Amino acid sequence: MNENELTGLLESLRRMGSDDLNVEVKESATTLSRDVWETVSAFANTAGGIIVLGVSERAGFVPVENFETEKVLNQFVSGMGDAGGRGKLANPPKYTIERVELQGVIVLVITIEELDPSSKPCYVIERGAQGGSYKRIDDKDVPLSSTEVLALASYGRATPSDRDAVAGAGADDLDETLVDRTIDRAFSLTPRAMRGAPDKQTKLERLNILDSRAMSPRLDS
């Protein structure tokens, strides 16, 4: 991002009189704002966004005086867990930092990427997942409800019930074409796991698709 792009971005916020869904401005003149981690969590758990450090919303979205760029930058990097110690966040997102000159002052523009759903939620460690997970709504970082946290944490993750046999279902309920494709793929990816399986039924039991304890018609090999 160059100065003209940043100026245009801040001018848009100035007209609205506040931050917006995708951009958060923080003064952080001499030290990093403590609530920056809430914003990182919110952007990571929603759709990503931009954090501008060294700019004052209260003063009309202009650079703060005597902004300690390097100190604040190092504090942010450390808090993200990229300075050799423990960071402030669990499941921190990817990010980029740019130094951009604005009215003769170097400010920091940090782009936060949205996390992959399987890695959510990003949360403030000292508050735990239930109290430190946020989402972005308009210009605010809003705590996720316990239900939302559970839904995110469960995304794409198997639970014990996923392995339960379906009552009344048997091998003959399976799509034979898909069965053949699945077995072929298993042989190409994990040939050892399929070694010595004499028939189709045993192969699917090896893949945990069929329950060997369940009573069902056997598939032809």
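The points that follow begin with the whole chain and then turn to single residues.

1. The model is predicted. Its protein chain holds eight helices and ten strands. Of the 221 residues in the chain, 37% are buried.

2. Among the contacts with a separation of 6 or more, 60% are between residues 24 or more positions apart. The protein chain exposes about 12700 Å², and carbon and sulfur atoms supply 48% of this area.

3. Most residues other than glycine have a negative phi, and most peptide bonds are trans.

4. Phe61 is not a glycine, yet its phi is positive, at about 60 degrees. The residue sits in the loop between strand 3 (55–56) and strand 4 (62–63). Phe61 counts as buried because its relative accessible area is 3%, under the 20% cut-off.

5. Asn66, also not a glycine, has a positive phi of about 55 degrees. Its loop runs between strand 4 and helix 3 (69–79). With a relative accessibility of 66%, Asn66 is therefore exposed, the cut-off being over 50%.

6. The peptide bond between Lys120 and Pro121 is cis, with omega about 5 degrees. Pro121 belongs to the loop between strand 7 and strand 8 (123–124).

7. Gly104 occupies the loop between strand 6 (95–102) and strand 7 (105–112). Its relative accessibility is 58%, so Gly104 is classed as exposed. Although Gly104 and Pro63 are 41 residues apart along the chain, their C-alpha atoms are separated by 8.9 Å.

Key:
Residues are numbered from 1 along each chain as its sequence is written. This is a predicted model: local features need pLDDT of at least 70, side-chain atom pairs count only at pLDDT 80 or more; totals for chains, interfaces and linings use all residues. Side-chain values use heavy atoms; hydrogens and water are left out. Helices (H or I, at least four residues) and strands (E, at least two) are DSSP runs, numbered from the N terminus. Buried means under 20% relative accessible area, exposed over 50%, partly exposed in between (1.4 Å probe, protein chains only). Contact means heavy atoms within 4.5 Å. Accessible areas come from the Shrake-Rupley method with a 1.4 Å probe; for residues, only the protein chains shown count as cover.
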